[in-house]
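Student: I would like to go through this structure with you, one element at a time. May I start with a strand and then move to a helix?
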Amino acid sequence: MKRISFVLIVLLLISGFAFASGAKETAAATSDPNTVKVGLLCIGDENDQGYTFNFIRGRDEATEMLKADGINVEWVTKYNIGEDATCTDANIEAAEEGCQIIINNSYGFEPFMLEVVDEYPDIEFISCTNCASATDGRDNTHNAFANIYEGRYIAGVVAGMKLQQMIDEGQIAPEEAIIGYVGAYSFAEVISGFTAYFLGARSVCPTVTMKVSFVGSWSDATAESDAALALADQGCVMISQHSDNTTPATAAQSRGVFHTGYNNDMTSIAPNASLISTRIDWGPYFYEAIKAYVNGEEIPQDWCAGMGEGAVVMTPLNEAIAAPGTAEKIAEVEAAIADGSLQVFDTSTFTVGGEELTHAFALDTDGDFTADSEEAVFDGAFHESLFQSAPYFTVQIDGIEWLNAAY
């Protein structure tokens, strides 16, 4: 009996040692220093074929780029998060699930993200398209954006060339070169974008004017469609957008007017209307931030890049409906932006109340325009996104009519 007990004890000790060794091997495998777990919290889902779809494309692009460098990413992607307490919960869930980096993809997520960050000081939190995290004094919060106004300007050039073609061919009178713009909110990000777009259009079609309709949501497909339809009914022959869905494109096509888009190529769903789109390519930023983390380096506190760095791109031009010479003009303008010979917000190209803009203070660290802020106008241009990654252009220039400003 004693002999059997001794044998059992030996067997139990051996099996226990084997179990412990196996557990250690498993732990070693899951703590691979070249594997990182990243949370991506999204305001929508891939079905929008716009804003969130564009982030997913950036996620997948970065994953392949990192894999080529021997870095593996385990993504935890959460969809349809609200700009409310559900965002707080989503950040906590991602943290508790072991994410080492958590990326919030919407402007309205940042306040809710900041409610969580102090509880998880070892996790890096990133807020895209926002500004407070770069100046909040915390080491584990970051902002990221891109110079999307550069792409907006080029999309405007494409639109302006089409409008000028319509004028030259007698399809519309010069004063009928009216652009309708569907904006989410009357925030700096939207104002900066549609102003750049308007200036691009007017650079090639001097008689162009613009009407802007704000819908009070980043992603409301029905409201975006309704706004686009109403703008077309008011005489707008070109529709553009700073909103997350493709419905402005389909609405434009249904009214027989033209369109330029955002976040995704929309020619497949509106081939007779949509000329081109511009989008932020989030792949380069995700790649840079994740690689820095894995290498033990600091993630940039306030990251920003433009067309020259591949962070802002244009979708393929719809040659079937674009004005002749548009592709060549795009190349010319891209080169001028890249070498600095073209400033998007050149103050000689627009007026405010009939006067040239001579000063406009940039945002201070509290998000306000004050006399202590950095002066954004110098050397003949408003320098957007120089002092922070997020846009701060909120000037209402002549030639653009705001139909509403309730948001």
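Student: How many residues of strand β4 are buried?
Tutor: This is a predicted model. In it, five of the five residues of β4 (residues 124-128) are buried, so the strand is largely enclosed by the rest of the structure.

Student: Which residues lie on each side of β4?
Tutor: E124, I126 and C128 are on one side, and F125 and S127 are on the other; both faces are covered. In a regular strand, side chains alternate between the two faces of the sheet.

Student: Which strand does β4 pair with in the parallel sense over four bridges?
Tutor: Strand β3 (residues 101-104) pairs with β4 in that way. Within β4, F125 is the bridge partner of I102. Strand β5 (residues 141-146) also runs parallel to β4, and four bridges join the two. There, T141 in β5 is the bridge partner of F125.

Student: Turning to helix α10, which of its residues are buried?
Tutor: T326, I330, V333, A336 and I337 are buried. Seen down the axis of α10, the buried residues fall within an arc of 130°, so they line one face of the helix.

Student: What covers the buried residues of α10?
Tutor: The cover includes α5 (148-168) and β10 (274-280). On the other side of α10, E328, A338 and D339 are exposed.

How values were computed:
Residues are numbered from 1 along each chain as its sequence is written. This is a predicted model: local features need pLDDT of at least 70, side-chain atom pairs count only at pLDDT 80 or more; totals for chains, interfaces and linings use all residues. Side-chain values use heavy atoms; hydrogens and water are left out. Buried means under 20% relative accessible area, exposed over 50%, partly exposed in between (1.4 Å probe, protein chains only). The arc is that of the directions from the helix axis to the C-beta atoms. Contact means heavy atoms within 4.5 Å. Two strands pair if DSSP finds at least two bridges between them.
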